[in-house]
Amino acid sequence: MSMRAQVPVNTLEPDDNLCFIREMGIEFVTLSLRPEEVEIDTLLRVKERFSKFDIKVSDAFCTPLQKNKIIQLGLDGRDAEIDKFSNMLYVLGRAGIEFTSVAWQPNGILRTGMKAGKFTRGGVSMYADMEEIGARPYANGRDYSEEEIRETFKYFMDRILPVSEETGVRMALHPNDPPVKSLAGVASLFYNTETFKKALEIAKYSPALGLKLCTGCWLEAGDLFGDLMEDIRTFCEQGRLLCVHFRNVSSEMPYFEETLAEDGYANMYAIMKQLVACDCNAVISIDHAFRGYESVGGQLGAFAYPTGYLKGLMHSAEIELKKRRYKKY
Ligand SMILES: [Mn+2]
């Protein structure tokens, strides 16, 4: 199976949006769930409604569980939060949804802000100035060491891996973003290829733990992250790659803006060709878009052009590598 382009949606996505997604030639969506929506009837109803538009739910996530401060900092009540995560896996399993997302960043993605940058053609997008981010005070009252953060990940994995294996619902781990050793006083779990391998070791190399390969993170850190081309090959071969975030940035840290694929410092076609050459069997999305305009379709409107560009690069690579054929030419 080849890569499948996807866009993010929520359970209340209007019918017109689903039509628009179908008309972009997109058959897969990643479904955002509010905590109260993590139950089987809601999911079956949503899947049924989406199926009328030939749209399948490739994966689903619940942000408060995906980036959970209590679990990830080991605060009081983490067992109850882990139970909620476990319940989500059972529900997704019953609904036939293949994977969910995890990002070991209790404070989320850190950016200096959003603005129309030097490299964004007037588009308002996220940018990071690491000098500013690095000078921030502790976000959670004190410093959390690498050992502590590894412990919280191990504690979670020890309890969740058996459920993930039993239900068949895998987890796609996203790197810490920006990928540096520590952010606002919390050590990062996964900020380069080596630390991802350590996370796999903690997860006892269970197939349940997969990778969300965010090219944005790899590019933000450049060679300090690892060899992106080699990593694509390795993790495709291992069947770890569940999802690709296809995103470019203006330059490596210490300062970057999130740009259109064609405007950043990396050749995104070369990256796409490597994904296709390695028979990447994952869903792929643009990750972030410029801030949308209400009158031009909001977020989905903002996703449309870069997602079409992504599909153009993907199909070009498939044609060039003879993995996509037409009757004529
Ligand atoms: Mn990403």
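Me: At what angle do helix H7 and helix H8 pack?

Reply: This is a predicted model. Helix H7 covers residues 146–167, and helix H8 covers residues 193–202. Their axes lie 10 Å apart. The packing angle is about 40°.

Me: Which word describes how H7 lies to H8: parallel or oblique?

Reply: The angle between H7 and H8 is about 40°. Angles under 35 degrees count as roughly parallel, and 65 to 115 as roughly perpendicular. The angle therefore makes H7 oblique to H8.

Me: Is the crossing of H7 and H8 left-handed or right-handed, and which residues in H8 meet H7?

Reply: H7 passes H8 in a right-handed crossing. From H7 come Arg150, Phe153 and Lys154. In H8 they meet Thr195, Lys198, Ala199 and Ile202.

Me: How many charged residues are in the contact of H7 with H8?

Reply: The contact residues split by class. Three are nonpolar and one is polar. The charged residues number three.

Me: How far apart are the axes of H11 and H12?

Reply: Helix H11 spans residues 268–277. H11 packs with H12 at an angle of about 55°. Their axes are 9 Å apart.

Me: How do H11 and H12 lie to each other, and what is the hand of their crossing?

Reply: The angle is about 55°. H11 and H12 are therefore oblique to each other. The crossing of H11 past H12 is right-handed.

Me: Which residues of H11 make the contact with H12?

Reply: The H12 side includes Leu310, Leu313 and Met314. By class, the contact has eight nonpolar, one polar and three charged residues. From H11 come Met268, Tyr269, Met272, Lys273 and Val276.

Me: What is the volume of the largest pocket, and which residues lie nearest its centre?

Reply: The largest pocket has a volume of about 790 Å³. Its lining holds 38 residues. Nearest the centre are Pro8, Phe61, Asp287, His288 and Gln299.

Me: Which element gives the largest share of the lining of the largest pocket?

Reply: Several elements supply at least two residues each. Among them are strand E1 (4–10), helix H3 (63–66) and helix H12 (298–320). The largest share is five residues, and it comes from E1.

Me: Which element gives the most to the lining of the second largest pocket?

Reply: The second largest pocket holds about 430 Å³ of space. It is lined by 29 residues, and the closest to its centre are Leu260, Ala289, Phe290, Ala302 and Pro306. E6, strand E13 (255–259) and H12 each supply at least two lining residues. With seven residues, the top contributor is H12.

Me: How many charged residues line the second largest pocket?

Reply: Sort this lining by class. There are 14 nonpolar and ten polar residues. The charged residues number five.

Me: What is the volume of the largest cavity?

Reply: The structure holds one cavity of 30 Å³ or more. Residues in the lining of the largest cavity include Trp104, Gln105, Asn176 and Ser188. The lining has six nonpolar, five polar and no charged residues. The volume of the largest cavity is about 80 Å³.

Definitions and conventions. Residues numbered from 1 in each chain as written. Predicted model: local features only at pLDDT ≥ 70, side-chain atom pairs only at ≥ 80, totals over all residues. Heavy atoms only, no water. 1 Å grid on protein atoms, 1.4 Å probe; cavity = no way out; pocket = protein on both sides within 12 Å on 5 of 7 lines; lining within 4 Å. Points joined across faces, edges and corners; volume = space filled by probe spheres on them. Helix = DSSP H or I, 4+ residues; strand = E, 2+ residues; numbered from the N terminus. Nonpolar A, V, L, I, M, F, W, Y, C, P; charged D, E, K, R; others polar. Axes fitted to C-alpha atoms, helices over the stretch in contact; angles between N-to-C directions. Parallel < 35°, antiparallel > 145°, perpendicular 65-115°, else oblique. Left-handed = near helix turned anticlockwise from the far one by under 90°. Contact = heavy atoms within 4.5 Å.
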